[in-house]
Amino acid sequence: MGSANQYAAASFKDRIQPPIFLSRDLFPKLMKLQGDQGARAVLRHDPLIKGVVIENDKWENFYDIDTKEEYQWIKEVKSH
């Protein structure tokens, strides 16, 4: 990423989704996040942060898998 863009992200229905590639310049702000906040909280509230967002119209590309149970579930869904 060039110095003008601090992130590149996918988007579904105008909502930034993982994966998000972030510049190391954003790490200090990200380290201040608490609880279940993600990078979206930083990107949404700071108009000086610039990035590239690529819209994707397939919700299937945005599964958020954090646990073994979620992984097993998505394996079942995708196998049918």
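I take contact to mean heavy atoms within 4.5 Å.

**Entry 1. Ground rules**

I note that this is a predicted model, in which local features need pLDDT of at least 70, side-chain atom pairs count only at pLDDT 80 or more, and totals for chains, interfaces and linings use all residues. I number residues from 1 along each chain as its sequence is written, and I use heavy atoms for side-chain values, with hydrogens and water left out. For accessibility I call a residue buried under 20% relative accessible area, exposed over 50%, and partly exposed in between (1.4 Å probe, protein chains only).

**Entry 2. Q17**

I looked up Q17 and found it in strand β2, which covers residues 15-22. Its relative accessibility is 13%, so I count Q17 as buried. Which residues does Q17 contact, leaving aside neighbours within four places in sequence? I list A10, S11, F12, R40 and F62.

**Entry 3. The largest pocket**

I next turned to open space. A pocket, on a 1 Å grid over the protein atoms alone, is an open set of points where a 1.4 Å probe fits, with protein on both sides within 12 Å along at least five of seven lines; its lining residues have an atom within 4 Å of a point. Grid points are joined across faces, edges and corners, and the volume is the space filled by probe spheres set on the points. I record about 400 Å³ for the largest pocket. Its lining has 16 residues, and those closest to the centre are Q17, P18, G38, R40 and D64. Strand β2 and helix α2 each supply at least two residues of this lining. Which element gives the largest share of the lining? I find that β2 does, with five residues.

**Entry 4. F12**

I placed F12 in strand β1. With a relative accessible area of 18%, F12 is buried. Beyond its neighbours within four places in sequence, I find F12 in contact with Q17, E55, N56, D57, K58, W59 and F62. I also checked F12 against I65: they are 53 residues apart along the chain, and their C-alpha atoms are separated by 17 Å.

**Entry 5. The loop between β1 and β2**

I looked at two residues here, K13 and D14. Are they buried or exposed? K13 counts as exposed at 67% relative accessibility, and D14 counts as exposed at 72%. I note a positive phi for K13, near 55°, in a residue other than glycine. D14, also a residue other than glycine, has a positive phi near 60°.

**Entry 6. The largest nonpolar core**

I define a nonpolar core as a set of buried Ala, Val, Leu, Ile, Met, Phe, Trp, Tyr and Cys residues joined through side-chain atoms within 4.5 Å. The largest one holds nine residues: Y7, A9, I16, L26, L30, A39, V42, L43 and I49. The most come from α2, which gives three. In soluble globular proteins, nonpolar side chains tend to be buried together.

I searched for salt bridges, meaning a side-chain nitrogen of Lys or Arg within 4 Å of a carboxyl oxygen of Asp or Glu. How many does the whole structure hold? I find one, and it joins the side chains of D46 and K29 at 2.3 Å, N to O. D46 lies in the loop between α2 and β3 (51-55) and K29 in helix α1 (residues 27-31), so the pair ties together parts that are 17 residues apart in sequence. D46 is buried at 16% relative accessibility, whereas K29 is partly exposed at 38%. I also note that a polar atom of the D46 side chain lies 3.0 Å from the backbone nitrogen of L48.

**Entry 7. K50**

I found K50 in the loop between α2 and β3. K50 is partly exposed, with a relative accessible area of 46%. Not counting residues up to four places away in sequence, K50 touches A4, N5, Q6 and Y7. From K50 to G38 I record 17 Å, C-alpha to C-alpha, across twelve residues in sequence.

Notes
Helix = DSSP H or I, 4+ residues; strand = E, 2+ residues; numbered from the N terminus. Polar contact = N/O pair within 3.5 Å; in protein donor to acceptor, adjacent residues only side chain to side chain.
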